[in-house]
Amino acid sequence: MTDITEHLAPHAVERLKGLRAQGSHEGIFTSDLSVNEFVMVRKAGFEPLGLVVGSCIYHMGIQYGQWSQNMEMDVLSQAMYQARELAMSRMEQEAILLRADGIVGVRLEVKRMEWDQEILEFMAIGTAIAHRDGQEGFKGVGGKPFTSDLSGQDFWMLLQAGYRPMEMVMGSCVYHVAHQGFMKSMGNLGRNTELEPFTQAMYDARELAMERMQHEAQDAQADGITGVNLHEGSHNWQPHVIEFFAVGTAVKAMEHANDLVDALSPQLVIPVND
Amino acid sequence: MSIWDKLSQGLGQALHGLAPASPSQEALARQESWTRALDGKTLPDFVQRRLQETAAGRLPWLTTATPAELLLQKSHGIRPLGFVSGNCWYHFGYSWTQGHIDGWHGALERLRSEAYLMGANAVVDVQMRVRKGESDDMDYAVSGTAIRIDSLPESGNPLVATVSAVEFVRLLEGGMVPVGVAIGAYYDWYQPPYGRAQGERSWWNQELTDVSAFQQQVRRRALYALGEDGQRQGGSVLAHTQFTHMARQEGDSENPERFLCRHIAIGTVIDHDRRVAPGIPARPVYSLRQSLLTASSHQKRPLV
């Protein structure tokens with residue numbers, strides 16, 4: 001049996017003995033990182049500065065799709081883009097005020113307001129961080145703090161792999177999927193068959209969202225996008241109107257990235273406890 | 001026994017069950033002890049006795065840890081003392097938001113006092129739950145495992161951590177001490193200057209700038225209160241729960257339309273020295289655990 005107190009910092013032992021109720025007030029922050037994320041962000045050489053939040057309550061314009069036509073609902077696409085952009089930029093402003101190098105663990109949430117179907121709330125929330133020793137070279141596009149939806153653990157792993165995050169990039173497309181005509185529906189009765197217009201609509205909408213996200217990454221001079229996630233959602237619109245939302249973290253290789261990767265030897269493990 | 005006798009006996013038992021039962025003298029005395037103890041911000045004698053006897057080893061210990069966790073605790077010189085809890089059923093008189101702060105703090109103080117009576121250094125694996133009451137009230141409950149580190153004397157102010165005992169130790173070894181739980185909440189009303197929020201009834205894409213700004217302000221004040229509560233306990237806060245609620249109150253001929261926004265954040269307070277890097281070793285590991293066929297997304301939707 002080991003005596004853990006031999007390995008503990010003096011302030012930790014004092015806390016456990018109940019001798020100290022107050023810590024140092026220096027560098028006190030709030031964050032929504034989990035404990036594991038917090039440890040790994042610190043392990044990566046960064047310190048959390050504070051929770052940063054940006055929000056936007058947005059009234060969606062009105063647009064109707066043609067009944068039998070596959071088409072992008074550009075008014076709604078623009079609204080989803082603009083509102084998210086406003087929330088993100090407000091969050092970034094808070095990070096700039098904290099002199100952060102970047103924001104990790106960013107979550108983008110959309111919620112419909114209960115009193116009006118046309119009003120949506122967009123919220124971007126994350127933890128602003130800065131390098132512990134003030135090392136430079138981690139800022140994002142245009143010297144602004146980088147943004148990333150990667151967790152604290154993934155952030156550590158990304159740096160270990162020789163990449164740094166540049167910007168959280170996204171692509172959105174709100175699409176109207178055409179309805180089937182009566183004759184077509186009748187023709188499909190009792191048959192197993194692909195509904196090609198529906199397939200095509202989903203393909204096209206997804207493709208537009210991915211293209212837009214990739215374009216954003218290109219603008220950010222990134223080498224690639226990691227942790228890509230594709231969400232499908234309908235924010236209480238008509239059943240045939242759907243949003244494809246692609247999001248990920250644009251990353252850029254650091255100097256000596258290959259050496260870093262060579263030094264890294266991930267171990268494969270098979271857990272036996274479940 | 002005839003069928004008639006069986007029926008009449010069953011009916012008698014059923015009627016007996018319908019009659020209001022009276023508590024025994026012992027139960028009444030117990031309730032009286034609870035009332036006195038809660039009024040005096042202490043614990044009833046029988047609870048104190050049970051906790052102290054459990055801590056002294058005269059009663060079996062209790063823990064929320066799994067057998068694997070228990071083994072790790074043992075190897076680190078950590079001893080589970082017992083299961084401790086606290087709750088506070090709270091009525092919201094003037095403020096639902098402030099009620100959350102008071103309710104949680106009340107429950108946490110009771111949890112801490114149970115741990116103190118057991119001579120614990122910390123309470124780990126703390127679970128928080130709420131139960132909604134019938135009207136403007138709610139029960140706030142916390143529970144966890146009181147632990148003792150063998151090489152340390154008992155604490156006058158046990159720490160409260162929402163992580164398991166093993167994670168607790170890992171954090172301590174990394175120079176980070178989970179200290180307690182912080183709560184921040186704020187609410188406010190907003191009345192648009194012209195009776196209606198700007199852009200609320202438009203036909204085009206438009207931000208409701210005044211409502212956005214109002215909500216942002218409420219959220220900031222709540223997070224500021226969270227930070228202050230953490231600072232009071234001498235640490236930074238890792239917020240794990242956040243809740244925003246916004247509602248519109250319809251206007252009428254006498255009262256204009258107005259908006260209510262409330263925000264509550266709850267987090268774990270961590271004391272650490274930011275100048276020192278954590279000493280926890282880490283290495284990349286890829287787990288080959290078999291999982292169900294799931295969609296490759298964060299939501300993990302089952303595919304079949």
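Q: Which strand of chain B is joined to S2(A) by 2 bridges?
A: This is a predicted model, in which local features need pLDDT of at least 70, side-chain atom pairs count only at pLDDT 80 or more, and totals for chains, interfaces and linings use all residues. Residues are numbered from 1 along each chain as its sequence is written, and strands (E, at least two residues) are DSSP runs numbered from the N terminus. Two strands pair if DSSP finds at least two bridges between them, and the antiparallel partner that 2 bridges join to S2(A) is strand S6 (residues 206–207) of chain B.

Q: Which residue in S6(B) is the bridge partner of A:His59?
A: S2(A) and S6(B) run antiparallel. Within S6(B), the residue that bridges to A:His59 is B:Gln206.

Q: Which element gives the most residues to the side of chain A that touches chain B?
A: Counting residues as in contact if their C-beta atoms, placed from the backbone, lie within 7 Å, 66 residues of chain A touch 74 residues of chain B. The elements giving two or more residues to this side of chain A include helix H3 (74–97) and strand S2 (46–59). With 8 residues, the element that gives the most is S2(A).

Q: Why is strand S9 of chain A largely enclosed by the rest of the structure?
A: A residue is buried if 20 or more other C-beta atoms lie within 10 Å of its own, exposed if 12 or fewer, and partly exposed in between, with C-beta atoms placed from the backbone. Strand S9 (residues 241–253) of chain A is largely enclosed because its buried residues number 10 of the 13.

Q: Over how many bridges do S7(A) and S9(A) pair?
A: Along this pairing, A:Val169 stands opposite A:Gly248 in S9(A). Strand S7 (residues 163–176) of chain A and S9(A) pair in the antiparallel sense, and the number of bridges is 13.

Technical notes
Chains are lettered from A and ligands numbered from 1 in the order in which they are written. Helices (H or I, at least four residues) and strands (E, at least two) are DSSP runs, numbered from the N terminus. Two residues are in contact if their C-beta atoms, placed from the backbone, lie within 7 Å.
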